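Thanks for making time this morning.

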Amino acid sequence: MDTRLGDVIDDFCVKCRRLTNHSVVSLLNGSAAKVRCRTCYSDHDYRNEQAPPSKKDLKKAALFNAVLSGVAPAAAEEAEAAEPKKAAKKPGKRAEA
Ligand SMILES: [Zn+2]
């Protein structure tokens, strides 16, 4: 299972953002070191078919957590916004009575 230059192997392309066919363009110790995406022709290090743990993913996770933690405050704000209406009505009724 020696990899040779020009071999077509699967790898994750960050530009295509998916697993695509890649040609081996550089070897290191008998295994692919650099590959070229056959779809967008960009060269990059061979990633062993793994999507890189990107900062974007970390950012996404942070955003997701922010949204989650933001749900409670938003609900509380709505409850507060509903309350002044009731409070505004009460003085009026009191004035009538
Ligand atoms: Zn690509």
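Leucine 27 lies in strand S2, where strands (E, at least two residues) and helices (H or I, at least four residues) are DSSP runs, numbered from the N terminus. Before I go further, please keep in mind that this is a predicted model, in which local features need pLDDT of at least 70 and side-chain atom pairs count only at pLDDT 80 or more, while totals for chains, interfaces and linings use all residues. Residues are numbered from 1 along each chain as its sequence is written.

Not counting residues up to four places away in sequence, leucine 27 touches Thr3, Leu5, Ala32 and Ala33, a contact being two residues whose C-beta atoms, placed from the backbone, lie within 7 Å. For threonine 3, which is 24 residues away from leucine 27 along the chain, the C-alpha atoms of the two are separated by 7.8 Å.

Let me now turn to the strands around this residue. Strand S1, residues 8-13, and strand S2, residues 18-28, run antiparallel and are joined by six bridges. Within that pairing, isoleucine 9 stands opposite histidine 22, and phenylalanine 12 has leucine 19 as its bridge partner. The two strands form a hairpin with four residues between them, and arginine 17 in the turn has a positive phi of about 60°.

On to the next pair: S2 and strand S3, residues 31-37, also have antiparallel pairing, over six bridges. Here serine 23 stands opposite arginine 36, and leucine 28 has serine 31 as its bridge partner. The hairpin of S2 and S3 has two residues between the strands, and asparagine 29, in the loop between them, has a phi near 50°, a positive value in a residue other than glycine. That deserves a remark, since most residues other than glycine have a negative phi. Asparagine 29 is exposed, because it has 6 other C-beta atoms within 10 Å.

What about the last pair? Tyrosine 41 lies in the loop between S3 and S4 and counts as exposed, because it has 9 C-beta neighbours inside 10 Å.

Putting the pairs together, we have an open sheet of four strands in the order S1-S2-S3-S4, with antiparallel pairing. The edge strands are S1 and S4, residues 43-45, each of which pairs on one side only. From one strand to the next the twist averages 50°, taken between axes that are lines fitted to C-alpha atoms, for helices over the stretch in contact, with angles running from 0 to 180 degrees between N-to-C directions.

Finally, the chain as a whole. It has one helix and four strands, and from the N terminus on the elements run β-β-β-β-α. Of the 97 residues, 8% are buried. Among contacts between residues at least 6 apart in sequence, 32% join residues at least 24 apart.

Key: Two strands pair if DSSP finds at least two bridges between them. A residue is buried if 20 or more other C-beta atoms lie within 10 Å of its own, exposed if 12 or fewer, and partly exposed in between; C-beta atoms are placed from the backbone.
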